[in-house]
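Hi,

My notes follow below it.

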Amino acid sequence: MTLKVSELVGTAGTFKIVSDATSNATAEVNVTGGAGKLYSVDISVAGSSGYSNVKFKLTSGTATVGTTEPDLQLAVFGGGSERFDFPNGLSFDQITFWSTADFATSSTSNPANTTIVTLLTS
């Protein structure tokens, strides 16, 4: 398992950094352990072709890869890195995420390239 969760406590509040160094078509379930806000998502994709589609379920309950309609989906081309910021934060009950090679909800194929996903939450 390559999922790591770190907690930062400071005067601005308590934040969690969630990092998955090999995000794939296996769901990482309730990665923060509860409700909060999502402030940013960084996605880095190795290789030089194809897309990695990172899908998020932001509500409570089970997520079934290939069946569950994601609440949020972000795509990054192979060899690229993108940061997606949500300055006011996206509220969530829990965060579950997974990455697939295709955009369709029904996709259960792993991305062709290593996909690194990092989240900043409170």
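How many aromatic pairs does the structure hold? It holds three. Rings of Phe, Tyr and Trp (its six-membered ring) pair if their centres lie within 6.5 Å; planes under 30 degrees apart are stacked, over 60 edge-to-face, and the rest tilted.

Ground rules before the details. This is a predicted model, with local features needing pLDDT of at least 70 and side-chain atom pairs pLDDT 80 or more, while totals for chains, interfaces and linings use all residues. Numbering runs from 1 along each chain as its sequence is written, and side-chain values use heavy atoms, leaving out hydrogens and water.

**Aromatic pairs**

Two of them in detail. The ring centres of Tyr51 and Phe77 are 5.1 Å apart, and the planes meet at 75°, so this pair is edge-to-face. Tyr51 sits in strand 4 and Phe77 in strand 5, 26 residues apart. (Strands are DSSP E runs of at least two residues, numbered from the N terminus.) Tyr51 is partly exposed at 46% relative accessibility. Phe77 is also partly exposed, at 42%. The cut-offs: buried is under 20% relative accessible area, exposed over 50%, partly exposed in between (1.4 Å probe, protein chains only).

Phe56 and Phe97 make a tilted pair, with 5.9 Å between centres and 35° between planes. Phe56 belongs to strand 4 and Phe97 to strand 7 (residues 96-100), so the pair ties together parts 41 residues apart in sequence. Phe56 is buried at 0%. Phe97 is buried at 0% as well.

**Cores**

A nonpolar core is a set of buried Ala, Val, Leu, Ile, Met, Phe, Trp, Tyr and Cys residues joined through side-chain atoms within 4.5 Å. The largest has 19 residues. Leu38, Val41, Phe56, Ile95, Phe97 and Leu119 have the most contacts inside it. Strands 3 (36-45), 4 (51-57), 5 (72-77), 6 (81-92) and 8 (115-121) each supply at least two residues of this core. Strand 3 gives the most, with four. Apart from this core lies another, of five residues, including Ala27, Ala63, Val65 and Trp98.

Ile95 has contacts (heavy atoms within 4.5 Å) beyond four places in sequence, among them Leu38, Phe56, Leu58 and Leu119.

**Thr68**

Thr68 lies in the loop between strand 4 and strand 5. Buried or exposed? Thr68 is buried, at 14% relative accessible area. A polar atom of the Thr68 side chain lies 2.7 Å from the backbone nitrogen of Thr64. Not counting residues up to four places away in sequence, Thr68 touches Lys57, Thr62, Ala63, Trp98 and Thr105.

Best wishes

Note on methods. A polar contact is a pair of N or O atoms within 3.5 Å; within protein, one must be able to donate a hydrogen and the other to accept it, and residues adjacent in sequence count only if both atoms are side-chain atoms.
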